[in-house]
Amino acid sequence: MVKDKDFRVIIPKQQYQVLNFNTDGLPGIAVVNKSLSEFKPKEVFVWHCSVMVQCEKLIENGMPSREEVEILDKFGDFLDDKIKGADKKKPNGLFLARITGNKTRELIWRIFNPVITNDFLTDLIEREDHIRNFDYRIDEDEDWKLTEWHLKKRK
């Protein structure tokens, strides 16, 4: 991570691409913020935060029911708001993707300050103040290697 350097950061307007895929014979759907493919300076958001939420109300092939999707969307919106922080012009996180399939929903952000995000998510888990069980990880990823599948150019 580059320190002692000033960057001019313009937060891009989120633009979504929907991807349908199969893994181990099960369907999945990803909603990816494709505006991050051209985002610079990438070295400002070097942390990759993945939140894995366990779905409860399922239909066939491990996909969530409509009722479950509403619950997951509301929880995802809550997390997105808190992870980005109060100052939306200078967010702590940039939303990257939402991936649903195989009984889970993964929510992914690129993070500026991982301590803020880690403290928030840890507190949420410890207080058991969440509508669905989830786990998370925050990894340093200076070269944005963990975003390659999500931001790959597609037709």
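Residues are numbered from 1 along each chain as its sequence is written, and side-chain values use heavy atoms, with hydrogens and water left out. As the model is predicted, local features need pLDDT of at least 70 and side-chain atom pairs count only at pLDDT 80 or more, while totals for chains, interfaces and linings use all residues.

Start with the strands. Helices (H or I, at least four residues) and strands (E, at least two) are DSSP runs, numbered from the N terminus. Two strands pair if DSSP finds at least two bridges between them. Strand E1 covers residues 16–23 and strand E2 covers residues 26–33. They run antiparallel, joined by 8 bridges. Val-18 has Val-31 in E2 as its bridge partner. E1 and E2 form a hairpin, with 2 residues between them. Asp-24 sits in that turn and has a positive phi of about 55°. E2 also pairs with strand E4 (residues 93–101), again in the antiparallel sense, over 5 bridges. There, Ile-29 stands opposite Thr-100 in E4.

Now move to E3. This strand pairs with E5 in the antiparallel sense over 8 bridges. Val-53 has Arg-105 in E5 as its bridge partner. E3 is also joined to E6 by 7 bridges, and these two strands run antiparallel.

How many of the 8 residues of E3 are buried? The count is 6, so the strand is mostly covered. Buried means under 20% relative accessible area, exposed means over 50%, and partly exposed lies in between (1.4 Å probe, protein chains only).

Next, look at the cores. A nonpolar core is a set of buried Ala, Val, Leu, Ile, Met, Phe, Trp, Tyr and Cys residues joined through side-chain atoms within 4.5 Å. The largest one has 20 residues. Val-51, Leu-79, Trp-109, Leu-121 and Phe-134 have the most contacts inside it. Which elements each supply at least two residues of this core? They are strand E3 (47–54), helix H1 (66–84), strand E5 (104–111), helix H2 (114–126) and strand E6 (134–140). Another core, of 14 residues, lies apart from it; Ala-30, Leu-36, Phe-45 and Ala-97 are among its members.

Take Phe-134 as an example. Contact means heavy atoms within 4.5 Å. Leaving out residues up to four places away in sequence, Phe-134 touches Val-51, Met-52, Val-53, Phe-75, Leu-121, Leu-124 and Ile-125.

Finally, turn to the charged side chains. A salt bridge is a side-chain nitrogen of Lys or Arg within 4 Å of a carboxyl oxygen of Asp or Glu. The whole structure holds 13 of them. One joins Arg-110 and Asp-141, with the closest N and O atoms 2.8 Å apart. This pair links distant parts of the chain, 31 residues apart. Arg-110 is in strand E5, and Asp-141 is in the loop between E6 and helix H3 (148–151). Are these two residues buried or exposed? Both Arg-110 and Asp-141 are buried.

Lys-88 and Asp-81 also meet in a salt bridge (3.0 Å, N to O). Lys-88 counts as partly exposed because its relative accessibility is 42%. Asp-81 is partly exposed too, at 40%. Lys-145 bridges to Glu-148, with the closest N and O atoms 3.7 Å apart. Lys-145 is exposed, with a relative accessible area of 52%. Glu-148, at 48%, counts as partly exposed.
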